[in-house]
Amino acid sequence: MFCHYTARAGRQMISSAKQVVMLTQARTLASPLTPLSSHATNVRLVPEPNRSFVTMTTNNDDPHEVDAIFQRKHSLRSKLRKDLKNMDPIRRSDEDNAIQSIVLEAPWFKDSKSLCAYISCAALREVDTSRIVSQVLSKPTQEQKKLHVPRVEDRNSNMSMLKISSVDDLVINSMNIMEPSLVDCDGKQREDVMEASNPVDLFILPGLAFDRSGRRLGRSGGYYDLFLKKYRELAKQWKWKQPLLVALSYSLQIVDEGAIAVTSNDVPVDALVSPAGFIPISPAALDRG
């Protein structure tokens with residue numbers, strides 16, 4: 001199983017944050033997931049009428065409240081790590097297969113020309129992406145979607161997304177984690193998505209916990225939040241359509257609204273894919289779903 005790096009030092013990036021996000025939605029309980037079935041690939045879960053994409057306003061709170069948010073995040077991360085560790089292996093495999101089938105059959109995936117996707121890590125108990133990656137790379141070169149995957153640059157939340165055309169382009173780093181090499185087999189520098197001439201249509205994202213309003217809890221490194229903010233700014237600068245942000249989630253990773261504390265540094269997702277189906281959240285996801 002391929003792994004990507006996740007840092008443990010997320011507080012460093014946001015320790016100077018003075019603005020805490022106040023969520024404007026009513027905090028109602030997340031709807032229960034429908035049971036996993038062989039028909040999961042045809043399921044599209046529609047948000048409840050009173051549920052909308054999370055919106056945020058900023059408020060000047062003192063550092064003590066910021067610290068309280070980090071404590072809540074730490075507590076939820078600990079719970080989810082334990083739940084994932086105790087997840088039944090057969091159920092995990094079934095959910096991995098269901099989630100990947102939903103993605104591969106989704107119109108927003110089929111229609112994408114360029115995407116960024118994580119290389120799943122068994123040690124981190126992430127939703128498997130091996131089938132998705134393999135299918136993208138198995139197409140003839142002229143039909144192949146452009147695929148960029150993460151490469152961690154340092155421990156300060158800096159990450160790049162480099163283009164690969166084969167699983168052979170992935171190498172094991174010093175932490176025994178798979179990521180793209182800096183150069184290809186011909187010694188040429190790999191394309192960095194931030195320097196690509198065409199926009200990315202789709203990001204397939206990992207995480208520890210999610211809710212049905214788009215809040216995402218990462219693993220504390222801040223790598224994806226920082227990268228997504230940079231890419232969104234690039235897309236805005238070039239007047240490109242913003243990419244669709246889709247997170248993959250086991251059923252137990254979807255939590256009640258209000259459980260995920262967020263700050264202004266946290267980037268919400270547009271949609272979730274769970275074993276039960278595609279869960280559109282933002283207007284962009286509703287349009288493409």
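A salt bridge is defined here as a side-chain nitrogen of Lys or Arg within 4 Å of a carboxyl oxygen of Asp or Glu. The model is predicted, so that local features require pLDDT of at least 70 and side-chain atom pairs count only at pLDDT 80 or more, whereas totals for chains, interfaces and linings use all residues. Residues are numbered from 1 along each chain as its sequence is written, and side-chain values use heavy atoms, with hydrogens and water left out.

**Figure 1. Overview of the protein chain.** The protein chain contains seven helices and 13 strands; helices (H or I, at least four residues) and strands (E, at least two) are DSSP runs, numbered from the N terminus. Of its 289 residues, 53% are buried, where buried means under 20% relative accessible area, exposed over 50%, and partly exposed in between (1.4 Å probe, protein chains only). The chain exposes about 13700 Å², of which carbon and sulfur atoms supply 51%; accessible areas come from the Shrake-Rupley method with a 1.4 Å probe, and for residues only the protein chains shown count as cover. Among contacts (heavy atoms within 4.5 Å) between residues at least 6 apart in sequence, 78% join residues at least 24 apart.

**Figure 2. The salt bridge between lysine 146 and glutamate 191.** The side chains of these two residues meet at an N to O distance of 2.9 Å. Lysine 146 belongs to strand β4 (residues 146-152) and glutamate 191 to the loop between β7 (178-180) and β8 (202-205), so the pair ties together parts that are 45 residues apart in sequence. Glutamate 191 is partly exposed, at 27% relative accessible area. The salt bridges of the model number 10 by the stated rule.

**Figure 3. The salt bridge between arginine 215 and glutamate 257.** Here the N to O distance is 3.8 Å. Arginine 215 lies in the loop between β9 (209-210) and β10 (216-217), and glutamate 257 in the loop between β11 (244-248) and β12 (271-274); the pair therefore ties together parts that are 42 residues apart in sequence. Arginine 215 is buried, with a relative accessible area of 1%, and glutamate 257 is also buried, at 7%. Through salt bridges that share partners, Asp211, Arg215 and Glu257 join into one network.

Figure 4. Helix α3 (residues 89-105) has 17 residues, and at 1.5 Å a residue it should span 24 Å; its end C-alpha atoms are 24 Å apart, in agreement. The expected span is 1.5 Å times one less than the number of residues in the helix. The N-terminal end of α3 is capped by aspartate 88, which places a side-chain oxygen 3.1 Å from the backbone nitrogen of isoleucine 90. Buried residues of α3 include Arg92, Glu95, Asp96 and Leu104. Glutamate 105 forms a salt bridge with lysine 110, the closest N and O atoms being 3.3 Å apart. Lysine 110 is partly exposed at 48% relative accessible area, and glutamate 105 is partly exposed at 46%.

**Figure 5. Aromatic pairs.** The structure holds four aromatic pairs. Rings of Phe, Tyr and Trp (its six-membered ring) pair if their centres lie within 6.5 Å; planes under 30 degrees apart count as stacked, over 60 as edge-to-face and the rest as tilted. Tryptophan 108 and phenylalanine 278 form a tilted pair, 5.2 Å centre to centre with 35 degrees between the planes. This pair links distant parts of the chain, with tryptophan 108 in helix α4 (residues 107-110) and phenylalanine 278 in strand β13 (residues 277-280), 170 residues apart. Tryptophan 108 is buried at 6% relative accessibility, as is phenylalanine 278 at 4%. Tryptophan 238 and tryptophan 240 form a stacked pair, 6.1 Å centre to centre with 20 degrees between the planes. Tryptophan 238 is exposed, at 52% relative accessible area, whereas tryptophan 240 is buried, at 18%. One aromatic cluster is formed by Phe203, Phe227 and Tyr231.

Figure 6. Tyrosine 224 is part of helix α6 (residues 223-237) and is buried at 7% relative accessibility. Its C-alpha atom is separated by 9.4 Å from that of glycine 207, 17 residues apart along the chain. Cysteine 121 is located in the loop between β3 (114-117) and α5 (130-138), and is buried at 4% relative accessibility. Cysteine 121 and methionine 178 are 57 residues apart in sequence, with 8.6 Å between their C-alpha atoms.

Notes:
Polar contact = N/O pair within 3.5 Å; in protein donor to acceptor, adjacent residues only side chain to side chain.
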